[in-house]
Amino acid sequence: MASEKEAALAAVPNDNPTIFDKIIKKEIPSTVVFEDEKVLAFRDINPQAPTHIVIIPKVKDGLTGLSKAEERHVEILGYLLYVAKVVAKQEGLEDGYRIVINDGPSGCQSVYHIHVHLLGGRQMNWPPG
């Protein structure tokens, strides 16, 4: 398996369905921890912490990455962060957690469907990456 950096450098933004679109449609299995009409949250298959959840909007609406955000995306962007808080509490991360949004090749984004990483269950370090 390629490293995350290699995967990010090889990823090309386009309009084709992403792995996340396939997870939303239940074409690819995932371990869902939260779902409603707007978002889906599931366990990362390559966890970088004891708790590593990916939170995605069910409708991409041109929001392939944070750098593509427009004013019309404000509500879903805020909702993604709110759901991260809800899931963190559900997962017992009272001592804290980290939220990550990778954007573009240099930001190590490998899937062009905006997503939030919720990481917890261990002490995080600074600076990251």
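Predicted model: local features only at pLDDT ≥ 70, side-chain atom pairs only at ≥ 80, totals over all residues.
Begin by selecting H115, the position at which UniProt, in an unreviewed entry, places the feature "active site". You will find H115 in the loop between β4 and β5 (116-120). With a relative accessible area of 5%, H115 counts as buried, because the limit for that class is under 20%. If you display the side chain, you can follow it to the backbone oxygen of H113, which it reaches at 2.7 Å. Next, show the residues around H115: leaving aside neighbours within four places in sequence, H115 is in contact with F20, V54, I55, I56, V100, I101 and Q109.

**From F20 to F42**

The structure holds two aromatic pairs, and one of them joins F20 to F42 in an edge-to-face arrangement, with 5.8 Å from centre to centre and 65° between the planes. This pair links distant parts of the chain, since F20 sits in helix α2 (residues 19-24) while F42 belongs to strand β2 (residues 39-43), the two being 22 residues apart. Colouring by accessibility would show F20 as buried, with a relative accessible area of 7%, and F42 as buried too, at 5%.

**R98, a buried arginine**

Now move to R98, in strand β4 (residues 97-100). Which side chain of opposite charge is nearest to R98? It is that of D44, which is 14 Å away, and R98, although buried, has no salt bridge; a salt bridge would require a separation within 4 Å, so D44 does not qualify as a partner. What the side chain of R98 does reach is the backbone oxygen of N125, at 2.9 Å. Beyond its neighbours within four places in sequence, R98 is in contact with H117, L118, L119, M124, N125, W126 and P128.

**R122, a partly exposed arginine**

Finish by selecting R122, which lies in the segment after β5 and is partly exposed, with a relative accessible area of 41%. Not counting residues up to four places away in sequence, R122 touches Q48, A49 and P50, and its side chain reaches the backbone oxygen of Q48 at 2.9 Å.

Key:
Residues numbered from 1 in each chain as written. Heavy atoms only, no water. Helix = DSSP H or I, 4+ residues; strand = E, 2+ residues; numbered from the N terminus. Buried < 20%, exposed > 50% of the residue type's maximum accessible area, 1.4 Å probe, protein only. Lys, Arg positive; Asp, Glu negative; His and termini not counted. Polar contact = N/O pair within 3.5 Å; in protein donor to acceptor, adjacent residues only side chain to side chain. Contact = heavy atoms within 4.5 Å. UniProt positions renumbered as here; feature names shortened; annotations may be inferred. Phe/Tyr/Trp six-rings, centres within 6.5 Å; stacked < 30°, edge-to-face > 60°.
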